[in-house]
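Please open the model in your viewer and keep the sequence panel beside it. The stops below say what to select and what is there.

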Amino acid sequence: MPPIPKYSKEGIIKCAYEIVEKEGFENLNARKIAGVLGCSVQPIFHNFTSMEELNKKVYETIYQKYQEYMRKGKEDKENPYKQMGLSYIKFASDYPKFFKIIFMQKTNLNANDFITADSLGNDVIKVGQTLTGLSSEEQKKFHVRVWIFTHGIACLVATKTIQFKEKEIEELLGNTVREMLIGYIKEKNKI
C-alpha cells in the first residue's frame, strides 16, 4: 500500500494563501512555504508543476474570498446595491493585500471592461438597475461613476491613507451615490 501523502494540495494552497495574506505575492516562494510547513520543497513540486500553477490556485482562493463578500452584500434585502459597494470597501479593509492584488494592478482595461470582467460586475449593475430604474446601458454608464468613487474609498482604506469608521463610509457612500444619481438623471434629461 503506497504511503498517504503528508502534504496535500489543499494544505499547500492554504499555507501559501496565509503567506500572501500577511506578506503579499512578492514574498511567496517554494522555500518559504516549505519552511512554514516544515518540509523540503519536494511536496510542493509533487503537487504542483510550477510556482505559477500554485500562484494561480492561490489567486483563485483569494478571489473566492472576495466573491463571498460581494455575495453577502447582494443578499441584503433593503439595498443590495449599496451593500455590495460597502462589501467591496469592507473587503479592502479586511484584506488589504488581497484587495491590492485583485484591484490595484496594472491592466489595459477601460473602466467599463474592468467592472464587467466577471459576473460579479454584471450582478452589481443588475442590482443597481433595480434601484435606479435606469436602462441596462444607462446603468452601466452610471455605475462607472459610482465604482470610481467606491474604488477610491476602498483604495484609501486598503492603503490606510485615511482612517474611516464604518458608519462614516456608509453615510458617505449612501449620500454621494444618491447625489450622483440625482445629478445623472438631471444631466440625462437635458439631452
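Select helix α6 (residues 96-103) and show its side chains together with the helices around it. The buried residues of α6 pack against α1 (9-23), α4, α5 (80-94), α7 (111-115) and α9. Buried here means under 20% relative accessible area, exposed means over 50%, and partly exposed is in between, with a 1.4 Å probe and protein chains only. Packing is judged by contact, that is, heavy atoms within 4.5 Å. Helices are DSSP runs of H or I with at least four residues, strands are runs of E with at least two, and both are numbered from the N terminus. The buried residues in α6 are Pro96, Phe98, Phe99, Ile101, Ile102 and Phe103. Six of the eight residues of α6 are buried, so this helix is largely enclosed by the rest of the structure.

A note on the model before moving on. It is predicted: local features need pLDDT of at least 70, side-chain atom pairs count only at pLDDT 80 or more, and totals for chains, interfaces and linings use all residues. Residues are numbered from 1 along each chain as its sequence is written, and side-chain values use heavy atoms, with hydrogens and water left out.

Phe103 is buried at a relative accessible area of 11%, and Tyr66 is buried at 6%. Tyr66 and Phe103 form an edge-to-face aromatic pair, 5.0 Å centre to centre with 70° between the planes. Rings of Phe, Tyr and Trp (its six-membered ring) pair if their centres lie within 6.5 Å; planes under 30 degrees apart count as stacked, over 60 as edge-to-face and the rest as tilted. Tyr66 lies in helix α4 and Phe103 in helix α6, so the pair ties together parts that are 37 residues apart in sequence.

Now follow α4 to Tyr59 and Tyr63. Both lie in this helix (residues 51-74), four residues apart, about one turn. By the ring rule, the count comes to 16 aromatic pairs. The ring centres of Tyr59 and Tyr63 are 6.2 Å apart and their planes are at 20°, so this pair is stacked.

Next, colour the nonpolar core. A core of this kind is a set of buried Ala, Val, Leu, Ile, Met, Phe, Trp, Tyr and Cys residues joined through side-chain atoms within 4.5 Å. The largest one has 57 residues, and those with the most contacts inside it are Ile33, Leu54, Tyr66 and Phe99. Helix α9 (residues 136-158) gives the largest share of this core, nine residues. Centre on Leu54: leaving aside neighbours within four places in sequence, Leu54 is in contact with Ile12, Ile13, Ala16, Ile33, Ile44 and Phe48.

Move to α9 and select Gln139, which lies in this helix. Gln139 is buried, with a relative accessible area of 0%. Not counting residues up to four places away in sequence, Gln139 touches Tyr81, Ile125, Gly128, Gln129, Thr132 and Leu134. Thr150 also lies in α9 and counts as buried at 5% relative accessibility. What does Thr150 touch, not counting residues up to four places away in sequence? The residues are Gly85, Tyr88, Ile89 and Leu173.

Past the end of α9, select Lys160. This residue lies in the loop between α9 and α10. Lys160 has a positive phi of about 60° although it is not a glycine.

Continue to Gly183, which lies in helix α10 (residues 166-190). Gly183 is partly exposed, with a relative accessible area of 36%. Draw a distance from Gly183 to Asp76: their C-alpha atoms are separated by 26 Å, and the two residues are 107 apart along the chain.

Finally, zoom out to the whole chain. The protein has ten helices and zero strands. Its C-alpha atoms fill a box of roughly 75 × 35 × 35 Å along the principal axes. Of the 191 residues, 40% count as buried. Among contacts between residues at least 6 apart in sequence, 64% join residues at least 24 apart.
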